[in-house]
Amino acid sequence: MAGLEDLYKEIILDHYRNPRNRGELETPPAVKAEGFNPLCGDEIVVFIDVDDSGTIADVAIGGQGCSISQSSASMMSAAIKGKTTDEARDLIESFKGLMSIHEKGLDGAAAEGDKPDLSMGDLSALRGVVKFPVRIKCAVLSWNTLAQALDDARTN
Amino acid sequence: MTFDVATIKADFPLLSRVIDGKPITYLDSAASSQRPQSVLDAMDRYYRESHANVHRGAYRLATEATDAMEGARQKIADFIGAPHAHEVIFTKNATESMNLFAQSWGRGHLHAGDVVVLTEMEHHANIVPWHMLTESIGIELRWIPVDENGELDLTDLDRLLDGAKLLSVTAMSNVLGTITPIKRLADAAHAAGATIVVDGSQYVPHLPTDVVDLGIDAFVFTGHKMLGPTGVGVLWGKTELLDAMPPFLGGGDMILQVTKDGFTTNELPHKFEAGTPAIAEIVGLGAAVDYLTALGMEDVRAHEVSLTAYAMRSLKERFGDDITIHGPSEPASRGGVLSLIYKDVHPHDISQVLDQDNVYVRAGHHCAKPLMQVMGLNATARASLYLYNDEADVDTLADALASADDIFGF
């Protein structure tokens, strides 16, 4: 059985206790998207301000939830700030890939094609979440909400 | 039979399971209870010896299957004090029972602008069916508020019921454990000319129930929270009320006659039981009722009041202001449903930490989002007690809860 130390890594708890980019942005110019996890009641609000060159100039996170959903949102906000929307979409894809890795590929170095993506930075700390399948929804909530915000920003 | 929890526990095979070398502590019976060997045996025996379709065949097995199902119906009717077994309608769960009632009674009795009164502490199963009628018929909903102690605030009851067609209310909150004053509510509803339907999902498993004494018109509950299997629930209604309701699902068993031009409905209870029912599950629920009856619901209730008092006292003594237990403070006026907030640890994380010690509680909004909003809560960790829990289970919960400090370091 996976131990809690695989889940509650220090960096995750740090983002939970000291969330980055917490707050709101004025809409417009920013766009706002809300995400809900109907099972546990977690709510995430993502604000992104995309400039004319397609760069995410600013990001803010609101809502409430458990340590995993909150820390994932905090790390995400730090990771996407200053990135282009295309880069942000790539990151969403990479993060979701990280979350759906089969557990047998996690323990030890045996798994091929499964090495941590260095560009993921702090986010790699969340890879332990896949050992707790119920919590994957918590970790991806903010990312799904970001995808929605990016879609909204494109149509605006 | 004396109420000996160790003996009772031994009747439930799942409760003796050991995971990773540790026993399990099951504290989520408000979501779904476990079931005793006698229920499993009854269902197994039914499938091994007596299965055939019911109400159809003329041969031996079909008669045995029909007798087993109708025998269970009679037991369940007796268990809730229903005057007639034909008033017990089998559904798949309490949610389906409430939807059946809302769609059938609602279609027959409600028109645009008619008022249905709910309370703020309802489960979504007693909210969404009425929202659906708001959309399809245009009914109006009114809400009995909840006070800071987690009880119904009945100050404006008469005004809320004035002109209302229906009051639909829970007998016990699945979040707070609050036992609502059903007799008083029934009297007030009838005085206002309204019908009253009660959600007994959290009540029937834990307290002696008499639908006639409660003075209500209809009642819904589910089997799997009262030691029975999943897949079977009940709608009880007074004969004249059920007779006046149009059928819900159409198909086999619910008809007297079908022609190319139309159909006529069968009599109660078959009118509301289209298609082959969950026969084995109904038989299992009958066995669950036998088990509860043998224990005695008065004794079940006494045990749970005593255990709830112990839990509230011991958790408070150990954790002081670090723990909040929502709902009524007096154990005698509530069920053993303990919605907890511990320090600043999110309920989802609490549940995860407890899981390490095989202590099973529910985390989340408990399908009662309007109540959570009123209480200013996003989620709680809910430990719920039943007849097979004892003080050692509560102590294990407390020890496991304390280990959250090691991780979250508050």
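Helix H5 of chain A passes helix H12 of chain B in a left-handed crossing, a term used when the near helix is turned anticlockwise from the far one by less than a right angle. The model is predicted, so that local features need pLDDT of at least 70 and side-chain atom pairs count only at pLDDT 80 or more, while totals for chains, interfaces and linings use all residues. Residues are numbered from 1 along each chain as its sequence is written, chains are lettered from A in the order in which they are written, and side-chain values use heavy atoms, with hydrogens and water left out.

**The helix pair**

- The axes of H5 (residues 133-155) of chain A and H12 (residues 347-356) of chain B come within 12 Å and cross at roughly 155°, where axes are lines fitted to C-alpha atoms over the stretch in contact and angles run from 0 to 180 degrees between N-to-C directions.
- That angle makes H5(A) roughly antiparallel to H12(B), a label given to angles over 145 degrees.
- On the side of H5(A), A:Val134, A:Arg135 and A:Cys138 meet B:His348, B:Asp349 and B:Gln352 in H12(B), with contact meaning heavy atoms within 4.5 Å.
- The residues of this contact divide into two nonpolar, two polar and two charged.

**The largest pocket**

- About 470 Å³ of space lies in the largest pocket, a pocket being an open set of points on a 1 Å grid with protein on both sides within 12 Å along at least five of seven lines.
- Its lining has 18 residues, of which A:Val134, A:Arg135, B:His348, B:Ser351 and B:Val361 lie nearest the centre of the pocket.
- H5 of chain A and, from chain B, H12, strand S15 (359-360) and strand S16 (362-364) each supply at least two residues of this lining; helices are DSSP runs (H or I) of at least four residues and strands are runs (E) of at least two.
- By class, the lining has nine nonpolar, four polar and five charged residues.

**The cavities**

- Two cavities of 30 Å³ or more are counted, a cavity being a set of grid points where a 1.4 Å probe fits but cannot get out, and lining residues having an atom within 4 Å of a point.
- The largest cavity holds about 40 Å³ of space, and its lining includes B:Ala30, B:Met172, B:His206 and B:Glu304.
- The second largest cavity holds about 30 Å³ of space, and among the residues that line it are B:Lys9, B:Tyr26 and B:Asp393.

How values were computed:
Parallel < 35°, antiparallel > 145°, perpendicular 65-115°, else oblique. Nonpolar A, V, L, I, M, F, W, Y, C, P; charged D, E, K, R; others polar. Points joined across faces, edges and corners; volume = space filled by probe spheres on them.
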